[in-house]
Amino acid sequence: MAKVFERVVYDQLYHYLTENRILSRYQSGFRSLHSTVTALLEATDSWAMNIDRGLVNAVVFLDIKKVFDNVDHNILLKKLQYYGIRSSCHECFTSYLNNRTQTCQINCSVSTSKLVKCGVPHGTILGPLLFLLYINDLPNCLYFSQPRMYADDTSLTFASADLNRISDGLNYDLDRVFIWLSANKLTLNLTKTEFMLVESRQKLSTLSETPSFSINEHPVLQVSSAKSLGMHIDQNLNWECHRVFAKDCFCFRCN
């Protein structure tokens, strides 16, 4: 009965969010008519069009630490209220999140029960939708770059023919992202946050310099290929690195 009730609440909440266009248009995760395929097609098509226009794509791939487990319940409930979920509906979600406990079992040993004060409930119907609402306002802090989000998989793109403008614009937005993450009690995995310049091989070879980016004074590593939504994307969009990776995986499974 609990799952049936949760499904009814989910359907009503999702209808309310779509009817009022509350969910960010940059978010593709856990949404009807959206998938990793549509998200990848939109991103790569946009980068290819910028290349045709003579622009350099600077793409920063953000890696947020354990974001599903670090959703602060108090902040989430305030955001639900901001989005119009108030009165008895808000009390229902407060009851849904509060007083949850968890235990850990190793072999035959079970830990004592502890209160869960953050994180969306795992294995639930409402959990993914509540997570989308928690990070829904992330794009609002950006000024220059365009975000692309699939659940917690987030990238920022800024395209320009001027490398100095790319460097200044993306660094400005990265500072704002860091402030947003701190305000929402989330942290970046700085060692796994990377950036890539997406351009034709000929154009990249003629670049006299490379823009540099940093987050909280920590430099962001430049890579020639990156994994996004299960695909290995290279800086020239020729898919060679993904073909090599897929071939290696196939050979590994055969062996």
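How many salt bridges does the structure hold? In this predicted model, the count is four. Side chains of opposite charge can pair when their charged atoms come close, and three of these contacts are described here in turn.

A pair within one helix makes a friendly starting point. The side chains of Arg-7 and Asp-11 meet in a salt bridge, with N and O 3.7 Å apart. Both residues belong to helix H1, which covers residues 2–19, and because they are four residues apart there, about one helical turn separates them. Asp-11 is partly exposed, at a relative accessible area of 41%, and Arg-7 is partly exposed as well, at 39%.

The next salt bridge joins the side chains of Glu-42 and Arg-148, at an N to O distance of 2.6 Å. Glu-42 sits in helix H2 (residues 36–52) and Arg-148 in strand S6 (residues 146–150), so this contact ties together parts of the chain that are 106 residues apart in sequence. Glu-42 is partly exposed, with a relative accessible area of 39%. Arg-148, in contrast, has a relative accessibility of 8% and therefore counts as buried, since the cut-off for that class is under 20%.

Lys-79 takes part in a salt bridge too, its partner being Asp-137, with the closest N and O atoms 2.9 Å apart. Lys-79 lies in helix H3 (residues 73–82), whereas Asp-137 is found in the loop between helix H5 (127–134) and S6, so the pair connects parts 58 residues apart in sequence. With a relative accessibility of 11%, Lys-79 counts as buried. Lys-79 also has an aromatic neighbour: it lies over the face of Tyr-134, 4.8 Å from the ring centre.

Tyr-143 is exposed, at 62% relative accessible area, while Tyr-172 is partly exposed, at 40%. Together with Phe-144 and Phe-158, these two tyrosines form one aromatic cluster.

Phe-195 and Phe-213 have ring centres 4.7 Å apart and planes at 90°, so this pair is edge-to-face. Phe-195 and Phe-213 are both buried.

Conventions
Residues are numbered from 1 along each chain as its sequence is written. This is a predicted model: local features need pLDDT of at least 70, side-chain atom pairs count only at pLDDT 80 or more; totals for chains, interfaces and linings use all residues. Side-chain values use heavy atoms; hydrogens and water are left out. Helices (H or I, at least four residues) and strands (E, at least two) are DSSP runs, numbered from the N terminus. Buried means under 20% relative accessible area, exposed over 50%, partly exposed in between (1.4 Å probe, protein chains only). Rings of Phe, Tyr and Trp (its six-membered ring) pair if their centres lie within 6.5 Å; planes under 30 degrees apart count as stacked, over 60 as edge-to-face and the rest as tilted. A charge sits over a ring if NZ of Lys or CZ of Arg is within 6 Å of the ring centre and within 35 degrees of the ring normal.
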